[in-house]
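The sequence and the structure come first, and the description follows.

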Amino acid sequence: MAIGESSSAQSGTNSEKSWWILHGLIAGATIAAAAASYVALSPRWYGKFRSRAVGIIPARFASSRFQGKPLVQILGKPMIQRTWERAKMASTLDHVVVATDDEKIAECCRGFGADVIMTSESCQNGTERCNEALQKLEKKYDIVVNIQGDEPLIEPEIIDGVVQALQRAPDAVFSTAVTSLKPEDGCDPNRVKCVVDNRGYAIYFSRGLIPYNKSGKVNPDFPYTLHLGIQSFDTKFLKIYPELPPTPLQLEEDLEQLKVLENGYKMKVIKVDHDAHGVDTPEDVVKIESLMRERNLS
């Protein structure tokens, strides 16, 4: 009887130990999963994903609308210099360079201290120029920010925003920024419009007014958005971008970002408050200088 009681007690003890071991394993797995979720959602984790970023300012002298635009003087400084100075203020960029096929632009940029990468004249657009420049850089980067040289008042915070947007959207290969469109710019083909889905991914870009309502007029109550020239790429995608064939919408609208969308890739879009647009025509220089005087910017 004593022996039976001892065996029964021993069996109960072993069962109790097994239950606690199993409970411990389950609890440990739960804690590990929670920790992994925290790491995945933590802003510190974002900083380690696509962590190194380079800003590239593509610049060419020849332009059908405004020849020599990068060198135009804006309150005493070449426009390309003003853009470079603003880009250097972005905290997310490890390096900023100018990519050009023109020796006059290169000489000007070296004169104010910018690093310059010479690229071929065969580049079809700024994205292809950025890709060629990327291949010539000694260091490796995870993100390339294509900073339009005709945005002399680009905010450093916008540059940081598109970099961080790409870091936080692993399913996207491209990120860009939009701001509110002024009603008077609704029908201007030089002002590119953008529509996004409810998760902040781009649906379409157009030189025409989008969305377009039945009245055929700008709706002053609708929040139309204006695409800003800045855009960032995952470097792995940027390397294959030139190999993608031109697409019908890209060619019709003459908007290179449409090639990204037409090939099924995702593009993250951030909304920012930015009321200074780029320089597309000589008349825009007057507008930019006037705005700079109003803001006491030298």
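Is lysine 136 buried, partly exposed or exposed? With a relative accessible area of 45%, lysine 136 is partly exposed, where buried means under 20% relative accessible area, exposed means over 50%, and partly exposed lies in between (1.4 Å probe, protein chains only).

## Basis of the description

The model is a predicted one, in which local features need pLDDT of at least 70 and side-chain atom pairs count only at pLDDT 80 or more, while totals for chains, interfaces and linings use all residues. Residues are numbered from 1 along each chain as its sequence is written, and side-chain values use heavy atoms, with hydrogens and water left out.

## Salt bridges

Taking a salt bridge as a side-chain nitrogen of Lys or Arg within 4 Å of a carboxyl oxygen of Asp or Glu, the count comes to 12. Lysine 136 takes part in one of them, with glutamate 132, and the closest N and O atoms of this pair are 3.3 Å apart. The two residues are separated by about one helical turn because they lie four residues apart in helix H5 (residues 126-136); helices (H or I, at least four residues) and strands (E, at least two) are DSSP runs, numbered from the N terminus.

Lysine 77 forms a salt bridge with glutamate 85, with 3.2 Å between the closest N and O atoms; lysine 77 counts as partly exposed at 25% relative accessibility, and glutamate 85 counts as partly exposed at 26%. Arginine 86 and glutamate 155 also meet through their side chains in a salt bridge (3.2 Å, N to O). This pair links distant parts of the chain, 69 residues apart, with arginine 86 in helix H3 and glutamate 155 in the loop between E6 and H6. Arginine 86 counts as buried at 18% relative accessibility, whereas glutamate 155, at 24%, counts as partly exposed. Elsewhere, Arg191, Asp280, Asp284 and Lys287 are linked in a network of salt bridges.

## Nonpolar cores

In soluble globular proteins, nonpolar side chains tend to be buried together. A nonpolar core is here a set of buried Ala, Val, Leu, Ile, Met, Phe, Trp, Tyr and Cys residues joined through side-chain atoms within 4.5 Å. The largest such core has 34 residues, of which Leu93, Val145 and Ile159 touch the most other members. Among the elements that give two or more residues to this core are strand E1 (53-59), helix H3 (79-87), helix H6 (156-167) and strand E10 (225-234), and H6 gives the most, with six residues. Apart from this core lies another, of 29 residues, among them Ala99, Leu137, Val192 and Met267.

Leaving aside neighbours within four places in sequence, leucine 93 is in contact (heavy atoms within 4.5 Å) with Ala53, Val54, Gly55, Ala87, Val145, Ile147, Ile159 and Val163.

## Strand E7 and its partners

Strand E7 (residues 174-180) is mostly covered, with six of its seven residues buried. Two strands pair if DSSP finds at least two bridges between them. E7 and E10 run antiparallel and are joined by six bridges, and the bridge partner of valine 178 in E10 is histidine 227. E7 and strand E11 (residues 267-271) run parallel and are joined by five bridges, with isoleucine 270 in E11 as the bridge partner of alanine 177.

## Cysteines

With a disulfide defined as a pair of cysteine sulfur atoms within 2.5 Å, the count comes to zero. Cysteine 108 is in no disulfide, and the nearest cysteine sulfur, that of cysteine 109, is 5.2 Å away. Cysteine 109 is buried, with a relative accessible area of 0%.
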